[in-house]
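Please go through the structure below with this briefing at hand. The notes are grouped by topic.

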Amino acid sequence: NARTLESETGFSSTLGVFVQADGDVEQNGVFTDQMGAFQMDLVESQLAQNPELAQASSLATTVGWLAEVPGATPLPPTGLDMLQAYLVAPEALRPLLVADEGNAAQVLFQVGPSSLEQRSVVLDNVEAAIAEPGDGANLPLGASATTGGLAVVGVGLLENITANRAELTIVALLLVAAFVILRYRDLARGLITMIPVLLAVGMSAVLVRVLNITLSPLTTVGGPLVVATCAEFSILLVDRYAEQRARGFEPE
């Protein structure tokens, strides 16, 4: 049960930051004072700024938080601290923390239950903190940090679909209208058939906005779905009307 898992663990997705150093372990790689300070500052600032982030883990935070003393000024781990911790870590954990060559490390945020819109804001905040650390620690010269993980995939999917939301609906309307007009070989009858479809699409868009329905891949493609469903019944209504008129019934 996914909801049970969320309630027990406190998170439902992951947001990773892939940190890559300019050089391998022989050149210290990710085991530098500046790299430790950057990771600690990134984690602590983002956990404080984004309530959607439940926890975080990395080699730097593990070492840094272990060394914290209550009431004392927190200090980021040094490169030597991280290297020594890495060397005594279990073999199974090492690849999850640092690449074999020692030139890359992972910072993993656990994202709590939240909507894709909320995760989009979190992702923007994390990427902004990487690009412009502000008063925090900067990435070492030549190093890079890239976001990834399930949260990034979900946000990217939502952005790609919502970016073309109106276009999807318009294309669906045009295709259905063209098909109906060509099938009837009658412009007026085709346009009359499209009137209920246009009303339904407009009403669904208004309801989504008024009721503040959360956007998702399903609601985003709601326009084309409404077009498809309503077009079928609209065609049946118009054909039924034409059939009865052919039998001699009055319009009323």
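The charged end of which residue sits over the ring of Tyr86? Arg94 takes that place, 5.4 Å from the ring centre; a charge counts as over a ring if NZ of Lys or CZ of Arg is within 6 Å of the ring centre and within 35 degrees of the ring normal. The model is predicted, so local features need pLDDT of at least 70 and side-chain atom pairs count only at pLDDT 80 or more, while totals for chains, interfaces and linings use all residues. Residues are numbered from 1 along each chain as its sequence is written, and side-chain values use heavy atoms, with hydrogens and water left out.

**Aromatic rings and charges**

- One aromatic pair turns up in a search of the whole structure. Rings of Phe, Tyr and Trp (its six-membered ring) are paired if their centres lie within 6.5 Å; planes under 30 degrees apart are called stacked, over 60 edge-to-face, and the rest tilted.
- The pair is tilted, because the ring centres of Phe31 and Tyr86 are 5.5 Å apart and the planes stand at 50 degrees.
- Phe31 belongs to the loop between β1 (13-20) and α2 (33-49) and Tyr86 to helix α4 (residues 79-88), so the pair ties together parts 55 residues apart in sequence. Helices (H or I, at least four residues) and strands (E, at least two) are DSSP runs numbered from the N terminus.
- Both Phe31 and Tyr86 are buried. Buried stands for under 20% relative accessible area, exposed for over 50%, and partly exposed for values in between (1.4 Å probe, protein chains only).

**Helix α9 against α11**

- The axes of α9 and helix α11 (residues 222-246) come within 8 Å and cross at roughly 140 degrees. Axes are lines fitted to C-alpha atoms, for helices over the stretch in contact, and angles run from 0 to 180 degrees between N-to-C directions.
- This crossing of α9 and α11 is right-handed. The term applies if the near helix is turned clockwise from the far one by less than a right angle, and left-handed if anticlockwise.
- On the α9 side, the residues in contact include Arg189, Ile192, Pro196 and Val201; among those in α11 are Gly223, Val226, Cys230 and Asp239. Contact means heavy atoms within 4.5 Å.
- By class, the contact of α9 with α11 holds 12 nonpolar, four polar and two charged residues. Ala, Val, Leu, Ile, Met, Phe, Trp, Tyr, Cys and Pro count as nonpolar, Asp, Glu, Lys and Arg as charged, and the others, Gly among them, as polar.
- Glu232 lies in helix α11 and is partly exposed, with a relative accessible area of 49%. Its C-alpha atom is 9.3 Å from that of Val197, 35 residues away along the chain.

**Helix α2 against α6**

- α2 and helix α6 (residues 116-131) pack at about 145 degrees, with their axes 10 Å apart.
- The crossing of α2 and α6 is right-handed.
- Phe38, Leu42, Gln46 and Gln49 of α2 make the contact with Asn125, Val126, Ala129 and Ile130 of α6.
- Five of the residues in the contact of α2 with α6 are nonpolar, three are polar and none is charged.
- Gln49, in helix α2, counts as partly exposed at 47% relative accessibility.

- Thr169 is placed in helix α8 and is buried, with a relative accessible area of 13%.
- Neighbours within four places in sequence aside, Thr169 is in contact with Val201, Gly223 and Pro224.
- Arg185 lies in the loop between α8 (165-184) and α9 (187-210) and counts as exposed at 75% relative accessibility.
- Phi of Arg185 is positive, near 55 degrees. Most residues other than glycine have a negative phi.

**Other buried positions**

- Val155 lies in helix α7 (residues 150-163) and counts as buried at 2% relative accessibility.
- Apart from neighbours within four places in sequence, Val155 is in contact with Leu116, Arg119, Ser120 and Leu123.
- Ala89 is found in the loop between α4 and α5 (94-97) and counts as buried at 16% relative accessibility.
- Ala89 and Leu59 are 30 residues apart in sequence and 9.8 Å apart in space, C-alpha to C-alpha.
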